[in-house]
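Student: I would like to learn how to read helix packing and chain contacts from a model. Could we work through one case?

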Number of protein chains: 2
Amino acid sequence: MSSPAQLAILAPGLLGGSVARAARANGAAGRIVIWARRPETRLQLRDQPWCDAVAETPEAAAQGSDLVVIAAPVDQIVPLARRIAPALPAGACVTDVGSVKGEIARHGAAALGARAHFVGAHPMAGSEKTGWEHGTAELFRHRTCFVTPLPETLPAATATVAAFWHALGAEVVTVGADAHDEIVAHISHLPQAIATSLCVFLAGKDPAWRNFAGGGLRDTTRIAGSDAQIWRSIFEQNRDEVLRALGQFEEELHRFRTALANRDYVEIAARIERGKAYRDAFRPPPA
Amino acid sequence: MSSPAQLAILAPGLLGGSVARAARANGAAGRIVIWARRPETRLQLRDQPWCDAVAETPEAAAQGSDLVVIAAPVDQIVPLARRIAPALPAGACVTDVGSVKGEIARHGAAALGARAHFVGAHPMAGSEKTGWEHGTAELFRHRTCFVTPLPETLPAATATVAAFWHALGAEVVTVGADAHDEIVAHISHLPQAIATSLCVFLAGKDPAWRNFAGGGLRDTTRIAGSDAQIWRSIFEQNRDEVLRALGQFEEELHRFRTALANRDYVEIAARIERGKAYRDAFRPPPA
């Protein structure tokens with residue numbers, strides 16, 4: 001798999017800024033062209049060593065690029081794919097960084113038509129910080145990156161996109177777009193809904209209590225500090241899978257409460273043991 | 001408030017081992033006498049610079065001690081208080097490190113009678129590591145330590161115990177034993193029940209999914225790795241308050257699910273914003 005001679009990155013935030021840095025640091029792309037929506041961002045990008053050219057429009061960035069990374073929020077990925085479609089070289093690959101994949105993969109592929117290949121991706125990397133200026137070349141290292149083809153996606157295009165993310169340091173997991181959405185509904189969107197709901201619940205109690213908390217509450221609620229508009233879009237796009245996971249989790253939590261109500265402490269201990277066995281088998285965090 | 005001339009620590013684990021080290025480091029006690037249940041632990045304690053004497057029995061440790069810290073798990077605190085009661089000097093204070101306080105405070109005070117004063121405490125400090133050998137002199141620094149008198153507790157005894165925990169570096173919060181149990185049901189026991197239930201739920205899905213998780217799931221579930229028997233006792237002792245908090249949290253989570261089912265994304269975003277505002281106001285973690 002040869003690396004792209006020209007890589008375009010559209011709408012860089014933390015992830016897009018990290019793609020550019022990691023591509024440069026790992027020699028994963030030749031020329032790097034970036035388009036950002038805001039003129040002042042385009043001005044600042046000119047001075048970055050990992051940016052070879054700044055494009056004034058998404059179409060201009062796409063021209064001559066054999067790989068395009070659309071780093072925009074989930075609700076802007078398909079509109080950008082539609083915009084760049086006529087400008088792409090024949091056979092180009094387009095990928096993204098969106099947290100939901102089913103709809104984006106289908107509409108992205110439809111937007112590109114037969115001319116180019118949409119292969120969605122979702123790097124499981126992030127930070128409380130946002131903005132391209134906080135990106136790092138190391139952000140994807142030892143992190144899972146889902147690459148999510150549709151049944152009709154050309155295998156060679158999937159391989160090209162997977163090789164690119166692998167070259168950035170990510171551990172690529174190739175899985176169908178809908179299977180991806182089921183997985184992240186459980187391991188990412190459900191925890192977000194829980195952390196948010198826990199904070200909303202505690203906000204209705206005495207807010208001073210949070211100052212007494214140990215590391216447990218701090219960790220359990222950390223992701224509740226995430227951006228509301230980004231998460232609103234994620235919940236919107238993955239509504240059905242999240243609803244299913246939430247409903248099943250509610251039943252699980254209710255079983256815990258029932259055991260406690262019944263003073264069934266053997267069952268309570270068995271549940272804690274089972275949860276602990278699951279948690280203890282997490283692989284160590286990336287260094 | 002003068003510091004105790006002789007401090008006894010019974011059944012040291014991570015917390016008791018840290019009390020001894022912190023008391024020595026901060027000059028918060030004169031002589032430090034320790035009793036541990038296991039003979040081999042008693043042998044090892046002899047070699048520690050923060051242990052002046054090892055007692056063969058809890059009663060022997062209590063003799064001549066003006067302050068006793070019972071560092072045992074919640075179900076063993078009252079039995080130990082009963083055992084040492086006859087050996088305590090008149091006017092001695094007894095405190096503990098248990099995560100639940102109402103029952104322990106009442107039974108502890110009853111066990112000591114008029115001879116000595118039971119003033120419960122609960123330092124919000126810990127670690128995944130357990131065992132006295134992992135204790136540190138810094139464990140309580142900038143951490144909340146609840147000191148939980150009953151209405152009938154002698155104010156001077158409460159002041160003595162509060163001053164001791166303050167001398168170890170903790171930020172002392174004095175609050176009634178039952179109010180304490182309501183607070184920790186919300187900020188500690190509820191998050192534990194949630195983290196455990198989330199892990200139990202995910203354990204019933206494809207366990208390989210956990211390897212794809214980013215830092216979000218890792219943080220949200222960290223406390224699910226806690227010891228099952230310790231937590232079984234905590235849920236047993238704080239059953240009523242945890243049931244109430246769990247029931248109300250279930251309603252909160254259900255409201256989130258209902259908004260999602262209704263495609264009410266304005267409500268979803270408002271909930272995320274509200275949770276974020278609560279979470280963003282957490283004070284910074286202790287250095």
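This is a predicted model: local features need pLDDT of at least 70, side-chain atom pairs count only at pLDDT 80 or more; totals for chains, interfaces and linings use all residues.

Student: How many helices and strands does chain A have?

Tutor: Chain A contains eleven helices and nine strands. Its C-alpha atoms fill a box of roughly 70 × 40 × 30 Å along the principal axes. A compact globule of 287 residues would have a radius of gyration near 19 Å, and the 21 Å of chain A agrees with that. Of the 287 residues in chain A, 54% are buried.

Student: Which helix of chain A gives the most to the side that touches chain B?

Tutor: Helix 7 of chain A does, with 17 residues. In total, 77 residues of chain A are in contact with 78 residues of chain B. By class, the side of chain A that touches chain B has 40 nonpolar, 18 polar and 19 charged residues.

Student: How should I describe two packed helices?

Tutor: Give the angle between their axes and the distance between the axes. In chain B, helix 7 (residues 177-203) and helix 10 (residues 239-261) pack at about 60°, with axes 9 Å apart. These two helices of chain B are therefore oblique to each other, and their crossing is right-handed.

Student: Which residues of helix 7 and helix 10 of chain B make the contact?

Tutor: Helix 7 of chain B contributes residues including A185(B), H189(B) and A193(B), and helix 10 of chain B residues including V242(B), A245(B) and F249(B). By class, this contact between helix 7 and helix 10 of chain B has seven nonpolar, two polar and three charged residues.

Definitions and conventions. Residues are numbered from 1 along each chain as its sequence is written. Chains are lettered from A and ligands numbered from 1 in the order in which they are written. Axes are lines fitted to C-alpha atoms, for helices over the stretch in contact, and angles run from 0 to 180 degrees between N-to-C directions. Helices (H or I, at least four residues) and strands (E, at least two) are DSSP runs, numbered from the N terminus. Angles under 35 degrees count as roughly parallel, over 145 as roughly antiparallel, 65 to 115 as roughly perpendicular and the rest as oblique. A crossing is left-handed if the near helix is turned anticlockwise from the far one by less than a right angle, and right-handed if clockwise. Two residues are in contact if their C-beta atoms, placed from the backbone, lie within 7 Å. Ala, Val, Leu, Ile, Met, Phe, Trp, Tyr, Cys and Pro count as nonpolar, Asp, Glu, Lys and Arg as charged, and the others, Gly among them, as polar. The radius of gyration is taken over C-alpha atoms; the globule rule is 2.2 Å times the number of residues to the power 0.38. A residue is buried if 20 or more other C-beta atoms lie within 10 Å of its own, exposed if 12 or fewer, and partly exposed in between; C-beta atoms are placed from the backbone.
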